[in-house]
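Good morning, and thank you for coming.

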Amino acid sequence: MQQPSPQKTHFTRRDIEIISKKTLFDGFFKMVKYCFRHKLFEGGWSEPIEREMFERGHAAAMLPYDPERDQVVIIEQIRVGALEHDSPWQLEIVAGMIEPGEHAESVVRREAVEEAGIEVGRLEKVTSYYPSSGGCSEKLDVFVGEVDASKAHGVHGLDYEGEDIRVHVMSREHAYQAVLDGSIENGASIIALQWLQLNQQRVRANWAAKA
């Protein structure tokens, strides 16, 4: 009796064949159409598959955290994705696109100044993830950064980008409750606040030890 061939336990980019790639739209963001096939878990190759993909580059986000006051800085701005929903103005952590040649850490430091008017001290990496890999190429690096929350206030943003960003300072517990009750709907913000809720004692101890 013929034994089945062993299944491959881990696929990589070498297990995909891109047959074609066509740009459908190239504006503020880009839309491309792929035709590809891939190896199957039980052996062999799939039939050609066509998928449209939204290309918007990679981004970095950071939760500003004041370990002395146990407070976080949350920003509020209008978001086109929520224009026709109940909450077009979204509560979020600071974030920005990673431009060619930039590092994620430098992006979140820059965005903290532009969006909240605050400088960032130490940074701790939380995770990297794909917000919507079923149709979008974006990958997001998430951090928690040390700030002085007493210096966070007012309205910020770049005029030439049409930004109108309001700053909120709240206790860590209050912000986490906003996750639980659904007031915060942004994925990176939820991840960062949940991570901080689990790790805040270690973070505060580590940052205090290195002061």
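First, the conventions. The model is predicted, so local features need pLDDT of at least 70 and side-chain atom pairs count only at pLDDT 80 or more, while totals for chains, interfaces and linings use all residues. Residues are numbered from 1 along each chain as its sequence is written, and side-chain values use heavy atoms, with hydrogens and water left out.

A pocket here is an open set of points, on a 1 Å grid over the protein atoms alone, where a 1.4 Å probe fits, with protein on both sides within 12 Å along at least five of seven lines; lining residues have an atom within 4 Å of a point. A volume is the space filled by probe spheres set on the points.

The largest pocket has a volume of about 1,600 Å³. Its lining comprises 45 residues, and Phe29, Arg56, Arg79, Glu92 and Met97 are the closest to the centre. By class, 19 of the lining residues are nonpolar, 12 polar and 14 charged; Ala, Val, Leu, Ile, Met, Phe, Trp, Tyr, Cys and Pro count as nonpolar, Asp, Glu, Lys and Arg as charged, and the others, Gly among them, as polar. Helices (H or I, at least four residues) and strands (E, at least two) are DSSP runs, numbered from the N terminus. Elements that each supply at least two lining residues include β4 (59-66), β5 (71-78) and α3 (187-209). Which element gives the most to this lining? It is α1, with four residues.

The second largest pocket has a volume of about 710 Å³. Of its 16 lining residues, Ile16, Tyr34, Phe36, Met53 and Ser133 lie nearest the centre. The strands β1 (16-26), β2 (30-38) and β3 (49-55) each supply at least two residues of that lining. Seven of the lining residues are nonpolar, six polar and three charged.

Let me return to α1. In this helix, Ala104, Val107, Val108, Glu111, Ala112, Glu115 and Ala116 are buried, meaning under 20% relative accessible area with a 1.4 Å probe and protein chains only. They cover an arc of only 135° around the axis, which puts them on the same side of α1; the arc is that of the directions from the helix axis to the C-beta atoms. After α1 comes Gly117, with a positive phi near 70°.

Finally, Asp70 lies in the loop between β4 and β5. Its phi is near 55°, a positive value in a residue other than glycine. Most residues other than glycine have a negative phi. At 15% relative accessibility, Asp70 counts as buried.

Methods
Buried < 20%, exposed > 50% of the residue type's maximum accessible area, 1.4 Å probe, protein only.
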